[in-house]
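Here's a quick briefing for anyone opening this model for the first time. Have a look at the picture, then read on.

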Amino acid sequence: MSDDTPLWQRMATAGAMMIQGTPQARALGMRVIAITEARAVVEVDWREDLVGDPETGVIASGVVTTLLDNTCGVAAFAALSEPMSTATLDLRIDYMRPAKKGATIRAEAHCYRMTKTVAFVRAFAFDGQDETDPVAAAQAAFMMGTSGRMGQNRRPPK
Amino acid sequence: MSDTSATPVRVNLGELSAMFEAVPYAKFLGVQFELKGDELTAILPFKDDLIGNPMLPALHGGVVGALMELTAVAEIFLAQGGKKIPKVIDISIDYLRSGRPVDTYARAHVTKLGRRIANVRVEAWQFDRADPIAALHGHFLLKSDEGEA
(Lines give C-alpha, C1' and ligand atoms only; values in the text may rest on other atoms or scores of the structure.)
Protein backbone atom coordinates (compact mmCIF):
# COMPACT_ATOMS: atom_id res chain seq x y z
CA MET A 1 0.00 0.00 0.00
CA SER A 2 1.31 3.45 -0.90
CA ASP A 3 2.22 6.05 1.72
CA ASP A 4 -0.79 8.25 0.96
CA THR A 5 -3.21 5.47 1.89
CA PRO A 6 -5.43 6.89 4.68
CA LEU A 7 -4.51 5.67 8.17
CA TRP A 8 -7.94 4.05 8.69
CA GLN A 9 -7.45 1.96 5.56
CA ARG A 10 -4.08 0.79 6.82
CA MET A 11 -5.75 0.04 10.19
CA ALA A 12 -8.58 -1.88 8.53
CA THR A 13 -6.00 -4.09 6.85
CA ALA A 14 -4.28 -4.62 10.20
CA GLY A 15 -7.53 -4.96 12.22
CA ALA A 16 -6.70 -8.26 13.88
CA MET A 17 -3.25 -6.97 14.79
CA MET A 18 -4.71 -4.05 16.74
CA ILE A 19 -6.33 -6.54 19.12
CA GLN A 20 -3.42 -8.97 19.19
CA GLY A 21 -1.15 -6.13 20.33
CA THR A 22 -3.42 -5.21 23.27
CA PRO A 23 -3.19 -7.85 26.03
CA GLN A 24 -6.49 -6.97 27.76
CA ALA A 25 -8.39 -6.89 24.43
CA ARG A 26 -6.92 -10.30 23.64
CA ALA A 27 -7.83 -11.63 27.12
CA LEU A 28 -11.45 -10.57 26.55
CA GLY A 29 -11.43 -12.12 23.06
CA MET A 30 -12.25 -8.86 21.24
CA ARG A 31 -12.61 -8.96 17.46
CA VAL A 32 -12.38 -6.00 15.10
CA ILE A 33 -15.37 -6.28 12.76
CA ALA A 34 -14.87 -3.10 10.74
CA ILE A 35 -12.75 0.02 10.59
CA THR A 36 -13.78 2.87 8.30
CA GLU A 37 -12.92 6.58 8.40
CA ALA A 38 -13.37 7.75 12.03
CA ARG A 39 -15.46 4.65 12.83
CA ALA A 40 -14.87 1.27 14.45
CA VAL A 41 -16.94 -1.82 15.20
CA VAL A 42 -15.57 -4.33 17.73
CA GLU A 43 -17.21 -7.42 19.25
CA VAL A 44 -16.73 -9.54 22.35
CA ASP A 45 -18.43 -12.91 22.93
CA TRP A 46 -20.24 -13.90 26.12
CA ARG A 47 -18.07 -16.15 28.23
CA GLU A 48 -18.64 -17.93 31.56
CA ASP A 49 -15.61 -16.24 33.16
CA LEU A 50 -16.84 -12.75 32.17
CA VAL A 51 -20.17 -13.01 34.00
CA GLY A 52 -20.90 -10.15 36.40
CA ASP A 53 -24.13 -11.38 37.96
CA PRO A 54 -24.00 -15.09 38.85
CA GLU A 55 -27.79 -15.17 39.39
CA THR A 56 -28.65 -14.11 35.85
CA GLY A 57 -25.48 -15.05 33.95
CA VAL A 58 -25.30 -11.54 32.47
CA ILE A 59 -21.89 -10.35 31.24
CA ALA A 60 -20.15 -7.89 33.64
CA SER A 61 -20.61 -4.18 32.97
CA GLY A 62 -16.82 -3.89 33.32
CA VAL A 63 -16.43 -5.91 30.12
CA VAL A 64 -18.80 -3.51 28.32
CA THR A 65 -16.79 -0.58 29.76
CA THR A 66 -13.51 -1.99 28.43
CA LEU A 67 -15.05 -2.83 25.04
CA LEU A 68 -16.51 0.69 24.66
CA ASP A 69 -13.27 2.38 25.78
CA ASN A 70 -11.26 0.28 23.35
CA THR A 71 -13.64 0.82 20.42
CA CYS A 72 -13.75 4.59 21.04
CA GLY A 73 -9.93 4.62 21.02
CA VAL A 74 -9.78 2.77 17.70
CA ALA A 75 -12.36 5.17 16.17
CA ALA A 76 -10.32 8.19 17.33
CA PHE A 77 -7.22 6.66 15.75
CA ALA A 78 -9.14 5.97 12.54
CA ALA A 79 -9.87 9.70 12.30
CA LEU A 80 -6.15 10.59 12.13
CA SER A 81 -4.03 10.97 9.03
CA GLU A 82 -0.84 9.93 10.83
CA PRO A 83 -0.50 7.76 13.94
CA MET A 84 0.18 9.63 17.19
CA SER A 85 0.00 8.72 20.85
CA THR A 86 -3.33 9.26 22.58
CA ALA A 87 -4.62 9.25 26.14
CA THR A 88 -8.20 8.86 27.39
CA LEU A 89 -9.32 12.06 29.09
CA ASP A 90 -12.75 10.95 30.20
CA LEU A 91 -15.31 8.28 29.56
CA ARG A 92 -18.98 8.45 30.43
CA ILE A 93 -21.17 5.35 30.11
CA ASP A 94 -24.91 4.87 30.49
CA TYR A 95 -26.01 1.29 31.03
CA MET A 96 -29.56 1.14 29.71
CA ARG A 97 -30.26 -2.54 30.39
CA PRO A 98 -28.46 -5.81 31.09
CA ALA A 99 -27.18 -7.65 28.01
CA LYS A 100 -28.88 -10.93 27.18
CA LYS A 101 -27.12 -13.98 28.60
CA GLY A 102 -24.99 -15.67 25.96
CA ALA A 103 -25.23 -12.78 23.49
CA THR A 104 -22.21 -11.33 21.68
CA ILE A 105 -21.72 -7.63 22.51
CA ARG A 106 -21.00 -5.34 19.56
CA ALA A 107 -19.67 -1.80 20.08
CA GLU A 108 -19.95 0.82 17.35
CA ALA A 109 -17.95 4.02 17.81
CA HIS A 110 -17.76 7.22 15.78
CA CYS A 111 -15.19 9.97 16.26
CA TYR A 112 -17.48 12.83 15.21
CA ARG A 113 -15.08 15.67 15.90
CA MET A 114 -11.30 15.94 15.90
CA THR A 115 -9.55 19.14 16.92
CA LYS A 116 -5.78 19.67 17.05
CA THR A 117 -5.66 18.29 20.58
CA VAL A 118 -8.91 16.47 21.39
CA ALA A 119 -10.96 13.69 19.78
CA PHE A 120 -14.66 13.50 20.68
CA VAL A 121 -16.18 10.04 20.33
CA ARG A 122 -19.66 8.57 20.71
CA ALA A 123 -20.36 4.84 20.96
CA PHE A 124 -23.19 2.39 21.47
CA ALA A 125 -23.11 -1.26 22.55
CA PHE A 126 -25.67 -3.75 21.24
CA ASP A 127 -26.47 -7.39 22.01
CA GLY A 128 -28.55 -7.94 18.87
CA GLN A 129 -29.37 -6.45 15.48
CA ASP A 130 -31.91 -3.91 16.77
CA GLU A 131 -30.20 -0.50 16.48
CA THR A 132 -32.95 1.14 18.56
CA ASP A 133 -32.27 -1.06 21.59
CA PRO A 134 -28.67 -0.55 22.77
CA VAL A 135 -27.45 -2.01 26.07
CA ALA A 136 -25.10 0.92 26.72
CA ALA A 137 -24.00 4.29 25.36
CA ALA A 138 -20.64 6.00 25.76
CA GLN A 139 -19.19 9.46 25.30
CA ALA A 140 -15.41 9.77 25.39
CA ALA A 141 -12.73 12.40 24.90
CA PHE A 142 -9.12 11.61 24.02
CA MET A 143 -6.06 13.85 24.15
CA MET A 144 -4.15 13.53 20.90
CA GLY A 145 -0.40 13.82 20.44
CA THR A 146 0.53 13.19 24.05
CA SER A 147 4.23 12.85 24.78
CA GLY A 148 4.15 9.11 25.36
CA ARG A 149 7.60 7.57 25.11
CA MET A 150 8.20 3.88 24.76
CA GLY A 151 8.75 2.29 28.17
CA GLN A 152 8.23 5.52 30.14
CA ASN A 153 5.83 3.81 32.56
CA ARG A 154 8.47 1.35 33.68
CA ARG A 155 9.54 4.01 36.16
CA PRO A 156 7.32 5.47 38.92
CA PRO A 157 5.98 9.02 38.43
CA LYS A 158 8.18 11.89 39.63
CA MET B 1 -40.98 3.02 55.61
CA SER B 2 -37.81 1.35 56.78
CA ASP B 3 -36.80 1.40 60.43
CA THR B 4 -34.11 4.07 60.60
CA SER B 5 -33.36 3.41 64.26
CA ALA B 6 -32.14 -0.15 63.60
CA THR B 7 -28.45 -0.80 64.19
CA PRO B 8 -26.75 -1.15 60.84
CA VAL B 9 -25.77 -4.69 60.05
CA ARG B 10 -22.00 -4.91 59.85
CA VAL B 11 -20.60 -6.91 57.02
CA ASN B 12 -17.33 -8.71 57.53
CA LEU B 13 -14.62 -9.28 54.99
CA GLY B 14 -15.62 -12.94 54.73
CA GLU B 15 -19.14 -12.09 53.56
CA LEU B 16 -17.84 -9.49 51.15
CA SER B 17 -15.22 -11.83 49.73
CA ALA B 18 -17.82 -14.60 49.43
CA MET B 19 -20.05 -12.30 47.40
CA PHE B 20 -17.25 -11.41 44.98
CA GLU B 21 -16.00 -14.97 44.94
CA ALA B 22 -19.26 -15.81 43.14
CA VAL B 23 -18.64 -13.15 40.47
CA PRO B 24 -16.55 -14.73 37.67
CA TYR B 25 -15.47 -11.35 36.22
CA ALA B 26 -14.02 -10.22 39.58
CA LYS B 27 -11.86 -13.36 39.46
CA PHE B 28 -10.98 -12.73 35.81
CA LEU B 29 -9.52 -9.34 36.82
CA GLY B 30 -8.09 -10.71 40.08
CA VAL B 31 -9.61 -8.03 42.35
CA GLN B 32 -9.10 -8.50 46.10
CA PHE B 33 -10.54 -6.60 49.05
CA GLU B 34 -9.14 -5.52 52.37
CA LEU B 35 -11.34 -4.25 55.19
CA LYS B 36 -9.90 -2.35 58.17
CA GLY B 37 -12.62 -1.06 60.48
CA ASP B 38 -15.06 0.52 58.09
CA GLU B 39 -12.40 1.32 55.49
CA LEU B 40 -12.54 -0.81 52.39
CA THR B 41 -9.67 -0.97 49.91
CA ALA B 42 -9.84 -2.81 46.62
CA ILE B 43 -6.55 -4.14 45.29
CA LEU B 44 -5.86 -5.09 41.69
CA PRO B 45 -2.56 -7.01 41.59
CA PHE B 46 -0.74 -6.34 38.35
CA LYS B 47 -0.64 -8.98 35.63
CA ASP B 48 0.34 -8.68 31.95
CA ASP B 49 -3.22 -9.38 30.78
CA LEU B 50 -4.39 -6.02 32.18
CA ILE B 51 -2.27 -3.96 29.78
CA GLY B 52 -4.06 -1.81 27.21
CA ASN B 53 -1.04 0.04 25.81
CA PRO B 54 2.02 -2.21 25.49
CA MET B 55 4.31 0.65 24.38
CA LEU B 56 4.29 2.71 27.58
CA PRO B 57 3.18 0.16 29.00
CA ALA B 58 -0.14 1.22 30.58
CA LEU B 59 -3.12 -0.52 32.14
CA HIS B 60 -6.22 -0.67 29.95
CA GLY B 61 -8.51 2.27 30.78
CA GLY B 62 -11.47 -0.10 30.83
CA VAL B 63 -9.76 -2.22 33.48
CA VAL B 64 -9.20 0.80 35.73
CA GLY B 65 -12.85 1.75 35.18
CA ALA B 66 -14.04 -1.77 35.99
CA LEU B 67 -11.91 -1.84 39.17
CA MET B 68 -13.48 1.43 40.38
CA GLU B 69 -16.96 0.18 39.49
CA LEU B 70 -16.44 -3.02 41.51
CA THR B 71 -15.11 -0.92 44.40
CA ALA B 72 -18.29 1.19 44.29
CA VAL B 73 -20.45 -1.94 44.32
CA ALA B 74 -18.53 -3.34 47.31
CA GLU B 75 -18.80 -0.05 49.22
CA ILE B 76 -22.60 0.06 48.64
CA PHE B 77 -22.81 -3.58 49.73
CA LEU B 78 -21.07 -2.55 52.99
CA ALA B 79 -23.18 0.58 53.45
CA GLN B 80 -26.36 -1.45 53.02
CA GLY B 81 -25.22 -4.07 55.47
CA GLY B 82 -24.96 -6.75 52.82
CA LYS B 83 -27.88 -7.09 50.47
CA LYS B 84 -28.09 -7.93 46.82
CA ILE B 85 -25.53 -6.60 44.37
CA PRO B 86 -26.49 -3.09 43.16
CA LYS B 87 -26.71 -2.49 39.41
CA VAL B 88 -24.79 0.27 37.67
CA ILE B 89 -26.91 2.95 35.94
CA ASP B 90 -24.16 5.27 34.74
CA ILE B 91 -20.52 6.07 35.39
CA SER B 92 -18.27 8.96 34.52
CA ILE B 93 -14.52 8.42 34.61
CA ASP B 94 -11.70 10.96 34.67
CA TYR B 95 -8.36 9.55 33.62
CA LEU B 96 -5.65 11.50 35.46
CA ARG B 97 -2.48 9.49 34.79
CA SER B 98 -1.75 6.38 32.77
CA GLY B 99 -1.82 3.28 34.95
CA ARG B 100 1.66 1.85 35.37
CA PRO B 101 2.35 -1.91 35.32
CA VAL B 102 2.11 -2.22 39.12
CA ASP B 103 -0.63 -3.00 41.69
CA THR B 104 -3.55 -0.56 41.77
CA TYR B 105 -5.71 0.40 44.75
CA ALA B 106 -9.17 1.96 44.96
CA ARG B 107 -11.42 3.36 47.64
CA ALA B 108 -15.02 4.51 47.33
CA HIS B 109 -17.25 6.92 49.18
CA VAL B 110 -21.04 6.65 49.07
CA THR B 111 -22.11 10.29 48.80
CA LYS B 112 -25.76 9.43 49.16
CA LEU B 113 -27.51 6.17 49.94
CA GLY B 114 -31.12 6.69 48.97
CA ARG B 115 -33.98 4.24 48.94
CA ARG B 116 -33.45 3.24 45.31
CA ILE B 117 -30.29 5.01 44.16
CA ALA B 118 -26.76 5.32 45.54
CA ASN B 119 -24.39 8.09 44.45
CA VAL B 120 -20.77 6.99 44.70
CA ARG B 121 -17.33 8.51 44.16
CA VAL B 122 -14.21 6.38 43.71
CA GLU B 123 -10.51 7.09 43.32
CA ALA B 124 -7.81 4.72 42.11
CA TRP B 125 -4.11 5.15 42.81
CA GLN B 126 -0.79 3.31 42.64
CA PHE B 127 2.19 4.97 44.31
CA ASP B 128 0.57 7.83 46.19
CA ARG B 129 -3.02 8.05 47.31
CA ALA B 130 -2.89 11.84 46.98
CA ASP B 131 -1.94 11.46 43.32
CA PRO B 132 -4.76 9.29 41.89
CA ILE B 133 -4.56 7.77 38.41
CA ALA B 134 -8.34 7.91 37.88
CA ALA B 135 -11.59 9.02 39.50
CA LEU B 136 -15.13 7.80 38.96
CA HIS B 137 -18.53 9.00 39.98
CA GLY B 138 -21.61 7.00 39.28
CA HIS B 139 -25.19 6.12 40.07
CA PHE B 140 -26.23 2.64 41.13
CA LEU B 141 -29.67 1.05 41.38
CA LEU B 142 -30.22 -0.65 44.72
CA LYS B 143 -31.97 -3.97 44.72
CA SER B 144 -33.89 -4.87 47.84
CA ASP B 145 -33.73 -8.42 49.19
CA GLU B 146 -37.34 -9.02 48.25
CA GLY B 147 -39.62 -7.83 45.49
CA GLU B 148 -38.04 -6.41 42.36
CA ALA B 149 -37.08 -8.99 39.80
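This is a predicted model: local features need pLDDT of at least 70, side-chain atom pairs count only at pLDDT 80 or more; totals for chains, interfaces and linings use all residues.

Before we count any bridges, one term: two strands pair if DSSP finds at least two bridges between them.

- Start with the open sheet of twelve strands, which pair in antiparallel fashion in the order β1(A)-β2(A)-β6(A)-β7(A)-β8(A)-β5(A)-β5(B)-β8(B)-β7(B)-β6(B)-β2(B)-β1(B).
- At the edges sit β1 (31-36) of chain A and β1 (32-36) of chain B, each pairing on one side only.
- Ignoring direction, neighbouring strands in this sheet are turned by 20° against each other on average.
- Helix α3(B) packs on the sheet, where it touches β5 of chain A plus β1, β2 (39-44), β5, β6 (104-113), β7 (117-125) and β8 (134-141) of chain B.
- The direction of α3(B) makes about 50° with that of β6(B).

**Where the sheet crosses from chain to chain**
- β5(A) and strand β5 (residues 87-95) of chain B run antiparallel and are joined by five bridges.
- To find this spot, look for Leu91(A), whose bridge partner in β5(B) is Ile93(B).

**A closer look at one end, in chain A**
- β2(A) is mostly covered, with five of its six residues buried.
- β2(A) also pairs with strand β6 (residues 105-114) of chain A, in the antiparallel sense and over six bridges.
- Val41(A) turns up again here, this time with Glu108(A) in β6(A) as its bridge partner.

**How the two chains touch**
- The contact takes 35 residues from chain A and 38 residues from chain B.
- On the chain A side, the elements that give two or more residues are α3 (23-28), β3 (51-53), α4 and β5 (86-95).
- β5(A) gives the most to that side, with nine residues.
- By type, the chain A side divides into 15 nonpolar, 13 polar and seven charged residues.

**The helix pair between the chains**
- Helix α4 (residues 61-77) of chain A packs against helix α3 (residues 61-79) of chain B at an angle of about 150°, and their axes are 8 Å apart.
- Because of that angle, α4(A) is roughly antiparallel to α3(B).
- The crossing of α4(A) past α3(B) is right-handed.
- From α4(A), the residues that meet the other helix are Ser61(A), Gly62(A), Thr65(A), Thr66(A), Asp69(A) and Asn70(A).
- Their counterparts in α3(B) are Gly61(B), Gly62(B), Val63(B), Gly65(B), Ala66(B), Glu69(B) and Leu70(B).
- The residues of this contact between α4(A) and α3(B) divide into three nonpolar, eight polar and two charged.

**Chain B at a glance**
- Chain B has three helices and eight strands, and from the N terminus on its elements run α-α-β-β-β-β-α-β-β-β-β.
- Of the 149 residues of chain B, 42% count as buried.
- Among contacts in chain B with a separation of 6 or more, 63% are between residues 24 or more positions apart.

Definitions and conventions
Residues are numbered from 1 along each chain as its sequence is written. Chains are lettered from A and ligands numbered from 1 in the order in which they are written. Axes are lines fitted to C-alpha atoms, for helices over the stretch in contact, and angles run from 0 to 180 degrees between N-to-C directions. Helices (H or I, at least four residues) and strands (E, at least two) are DSSP runs, numbered from the N terminus. Angles under 35 degrees count as roughly parallel, over 145 as roughly antiparallel, 65 to 115 as roughly perpendicular and the rest as oblique. A crossing is left-handed if the near helix is turned anticlockwise from the far one by less than a right angle, and right-handed if clockwise. Two residues are in contact if their C-beta atoms, placed from the backbone, lie within 7 Å. Ala, Val, Leu, Ile, Met, Phe, Trp, Tyr, Cys and Pro count as nonpolar, Asp, Glu, Lys and Arg as charged, and the others, Gly among them, as polar. A residue is buried if 20 or more other C-beta atoms lie within 10 Å of its own, exposed if 12 or fewer, and partly exposed in between; C-beta atoms are placed from the backbone.
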